[in-house]
Amino acid sequence: MIAAKSRLDTWLGRFTMYRLILWVLGILVAYSMVLNVLGWLTFGIPEMLVHLVLCVGLTYLSNRLLALLFRVRPHSESSLITGLLLYFLFRPAFGATDMAGVALACVLASVSKYALAFRGRHIFNPAAAGAFLTGLTGLNIATWWAATPAMLWLLVPGVLVVLYRTRKMLMATVFLVAATGIITTELLSRGMTFGQALWQPLAQRPLLFFVGFMLSEPLTLPPRRWQQLALAAVVGVVFAVPYNLGFVANSPELALLLGNLIAFFLGQRGGVELVFKGSRALTPGSTEFRFEPQRPVRFAAGQFMELNLPHSGSDGKGRRRVFSMTNPPGAAEVTFGVGTAEPLSTAKRALLALSPGDTVSATAVGGDFLLPHDAGKPVLLVAAGIGITPFLSQLASDAGQRDTVVLYLAKSSAELAGTSRLEASGAKVIARLADGSTPPEFMHDAGTSRIDAGRLKELVPDIDEREVFVSGSPSSVDSLRAAARGAGARRVHVDSFAGY
């Protein structure tokens, strides 16, 4: 089971969230046309093809034009995703007014990324903004026709893959329980059977499409998990409760826009320009990159930052990548520890090619890999390879304030990163080096034996009294988490690096 999960994580880790959603939406577009040929949809293939070209073409072209006007680099994947979302929001039709409405929605969606933005970060989901504003004009109304029973055969697995990759399963569950519960209760009051009342919101209303492809958009979510769960519940209620305020009525796009506005005030508002200051080798296989932010960055030790790294020949993961910060909060510089052993991804090559003075845009800050607020709570930090990076930030900001044990797994003593910070932290550091080399004097040598539950219990006898944090590659995290559970750990937090 662990091996299968590890293989799935490794495979999905080849794609960024944006590239994965683009592929899934593309497959759903092809599937919708197959359904139309089979008679399960009745739009007409010519209408669907023209509708697809209109949605994708206009969002792509308008986004590039606006990027040129605002003198920024366009994010083509984002515009294509917006176009595909609008394809599923508006019904394909040849009516002049209908097509004009769709065209307006596409342009407004692109405009919202620039006009309804703050410090380079758009506030609202572009597709929802375009659909909502177009609805106010009366030219066209979003019908969210993706909520068709025949679409479920591929929609459900597509949504599950996206939610699993983005780790938003719990958030989606909260939204679905809140929205489905309200809608089902309302339908039961109208005399429907329970089965009918449950089937109708899931199969004939756009709950699944909404939560899989729109509510989970990272740039319009708050940074912390508890905030995301609370937001999902609020949006679920607004989504499901019927209301009419005269000029606006209940709609999925309005529910999402209200959620986006709440999220904006909860997190780091706006992007941050980072000026590259330099880099240094941490180990033969890892490098620390230093940046000076143009304004203060709000984050907690252990969180990550998403960087926008435009580069030619981008691989399957696109140009936005997530990195854990190694500096403590409040430091003058932002630093990232990155594995730079061959083979290198295109993003890592872009990082290594930076010259002092070059700028990089940070688009989001988030993550819940945080030490307990109670400094009296003892912790065990388990790092596999480059997984040490979030711990370096935590140890620098929490030095000597709590009972901390660090278990560091590396290939050799030369591959131990941040040793000076580890020593200065006052934590008990245990090193397990695969080649049998000798760790620095301040570290305890764990030998070369595999870290399973028994061995972990020997190394950390009081593990059942500690909160455990595990960081590293997906396969390492899965096996080490299982070992921690087997050794008696009650709470295990994980942070995995799928490769970037």
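**Helix packing and buried positions in a predicted model**

In this predicted model, helix H2, which spans residues 17-38, packs against helix H4, residues 76-89, at an angle of about 30°, and their axes are 10 Å apart. Two packed helices are described by the angle between their axes and the distance between the axes. The crossing of H2 and H4 is left-handed. On the side of H2, the contact is made by Tyr 18, Arg 19, Ile 21, Leu 22, Leu 25, Gly 26, Leu 28, Val 29, Ser 32 and Met 33. H4 contributes Glu 77, Leu 80, Ile 81, Leu 84, Leu 85, Tyr 87 and Phe 88. Of the residues in this contact of H2 with H4, 13 are nonpolar, two are polar and two are charged.

Further along the chain, attention may turn to a single residue. Gln 227 is located in helix H11, which covers residues 225-240. Gln 227 has a relative accessible area of 10%, and because this is under 20%, the residue counts as buried. A polar atom of the Gln 227 side chain lies 3.1 Å from the backbone nitrogen of Arg 224. When neighbours within four places in sequence are left aside, Gln 227 is in contact with Pro 222 and Leu 266.

The buried residues in H14 are Thr 389, Pro 390, Phe 391, Leu 392, Ser 393, Gln 394 and Leu 395.

Definitions and conventions. Residues are numbered from 1 along each chain as its sequence is written. This is a predicted model: local features need pLDDT of at least 70, side-chain atom pairs count only at pLDDT 80 or more; totals for chains, interfaces and linings use all residues. Side-chain values use heavy atoms; hydrogens and water are left out. Helices (H or I, at least four residues) and strands (E, at least two) are DSSP runs, numbered from the N terminus. Buried means under 20% relative accessible area, exposed over 50%, partly exposed in between (1.4 Å probe, protein chains only). A polar contact is a pair of N or O atoms within 3.5 Å; within protein, one must be able to donate a hydrogen and the other to accept it, and residues adjacent in sequence count only if both atoms are side-chain atoms. Contact means heavy atoms within 4.5 Å. Axes are lines fitted to C-alpha atoms, for helices over the stretch in contact, and angles run from 0 to 180 degrees between N-to-C directions. A crossing is left-handed if the near helix is turned anticlockwise from the far one by less than a right angle, and right-handed if clockwise. Ala, Val, Leu, Ile, Met, Phe, Trp, Tyr, Cys and Pro count as nonpolar, Asp, Glu, Lys and Arg as charged, and the others, Gly among them, as polar.
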